[in-house]
Amino acid sequence: MTRSAWFAGTLAALAAGGLGYWAGQQDGPVPAFVERVRHGVARLLPAAQAPARSKPASGPVVYYWDPDGKPVYSASPMVTADGREFRAVRASEDVRFDDGDGETMPADMAGHHAEPGEAAKPGGDARRVLYYRNPMGLADTSSVPKKDSMGMDYIPVYAGEDEAGVVKVSPGKVQRTGVRTELAERRVLSVPVRAPGSVGEDERRVSVIAMRTDAFIEKVEPVTTGDHVRKGQPLLRLFAPEINAVAAQYLTSIGYEGGRRRLENLAIPPEVIDEIERTHKVPPSITWSAPRDGVVVERNVSDGMKAKSGDVLFRIVDHTRVWVLADVTERDLAGVAEGQKATVRARAFPDRTFSGTVTRIYPHLNMETRTARLRIELPNPDGVLRPSMYADVEIATGDAKPVVAVPDDAVIDTGERQVVLLDHGEGRFEPKAVKVGLRGRGYVEIREGVTAGDRVVTAANFLIDAESNLKAALQSIAAPKDDRQAAGTGATP
């Protein structure tokens, strides 16, 4: 400041003070020339003493704001419906998170300076102070203004700012912290259970040809292991003394049930018994045929050999329908039930899938692997699935009906409870306790607390949750109701 300016200011102050004292003593109006003196002093002050303009914005562009000041924001350049560009808001002029975090406001708002007491009546409308909270975020409130142990003023909380459980975040803070939201929708949650397995034979489609008496093999048909045979196809011709003796007795007692039953007990094929009845002759040898369609998986017979009672001559298996035995972990067992559909991929044919049904959950766990065995039946008409093949099984568990679901990232799990943050718009977020259900494909079922159409926070929700926990801690302490309670909290009446 120059000497002349200092002198003029001092002169004006002395004159105003003296005239004010005189006017108070005389109980009359202040002379009009006091105002002329004040304006003259203002002209003497150099232009440099005028209030400085706000500094130009600096830093990277944080987001883009509607040119009319509406609560519409964008992370990239954008235009309004009438073609006007959104205003770029840089880091140095971003809006504040609250009234005391030290961040600056947008440049077009920086020219407004709040007068003392103006905070108590934002927008020109007086608001009622509910209570005063600790400036350091401690769980301490007061019904009257006070200072903490370091001399900091308690912060007033006004009516309308104390929405139960609602956290308010400035649009700039929302943009900087990367808050993302998504609607809760009704979805069909398919929770796949995957397990390794192997292809096996259907135990009900296995036939064994074994002798029930000693016999001599006269001739074996040209059937080898791996050949596919049809039901009734001849396999071998044999001679058995006991069978011939029983057949001779049957001829003398045709019409009696006992004679035929003895032949059947020796496993004589029905067509052979019918031939004995028709010709009334005991055949010198008996031709044994295949009991079903299938593949010969075992042959233990040769021309001229003697087969003892109980020896297995052929083993035939029908592979048109097979089993897949899968081992499911104990943790996933609760989601699996008989009758569920399963998809099987054989490792020998990675480009093909086979559909089957879970028909049996075996009653015992494997003690070493802690897994339960499942049986999945599936058709194999072309025979490409062979026993002992490795396979990968996927079972779609869960209800086929749609349920309310949110992304996995929307749920904050504290270990004791699960919480989601509801977005009410305009920077207002509400933490909501929920009950979760099934999970699958990146979504989790919400059984209580959220309805379809609610918007939930899916990113940066931990930052907002930290704010909500602080606010809940402050609100959990009731504001003092009288002077005695105020004295108990250390408030100064």
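These entries cover the sheets, then the helices.

Entry one, the model. I am working from a predicted model.

Entry two, the open sheet. I looked up the strand order and read β15-β14-β12-β17, four strands with antiparallel pairing. I then checked the edges. They are β15, residues 286-289, and β17, residues 306-307. Each of these edge strands pairs on one side only.

I followed β14, which spans residues 234-239. Four bridges link β14 to β15, in the antiparallel sense. Which residue of β15 stands opposite L236? I found W288 there.

I moved to residues 191-201, which make up β10. I looked up two partners. β23, residues 390-397, runs antiparallel to β10 and is joined to it by eight bridges. Within β23, V393 is the bridge partner of A195. The other partner I looked up is β19, residues 321-329, also antiparallel to β10. Five bridges join β19 to β10. Here G197 has A326 as its bridge partner.

I turned to α5, residues 257-265, and α6, residues 270-279. Their axes lie 10 Å apart, and the packing angle is about 145°. Is the crossing of α5 and α6 left-handed or right-handed? I noted right-handed.

Entry six, the contact itself. From α5, I listed R260, L263 and E264. They meet I273, D274 and E277 of α6. I sorted the contact residues by class: four are charged, two are nonpolar and none is polar.

How values were computed: Residues are numbered from 1 along each chain as its sequence is written. This is a predicted model: local features need pLDDT of at least 70, side-chain atom pairs count only at pLDDT 80 or more; totals for chains, interfaces and linings use all residues. Side-chain values use heavy atoms; hydrogens and water are left out. Two strands pair if DSSP finds at least two bridges between them. Axes are lines fitted to C-alpha atoms, for helices over the stretch in contact, and angles run from 0 to 180 degrees between N-to-C directions. A crossing is left-handed if the near helix is turned anticlockwise from the far one by less than a right angle, and right-handed if clockwise. Contact means heavy atoms within 4.5 Å. Ala, Val, Leu, Ile, Met, Phe, Trp, Tyr, Cys and Pro count as nonpolar, Asp, Glu, Lys and Arg as charged, and the others, Gly among them, as polar.
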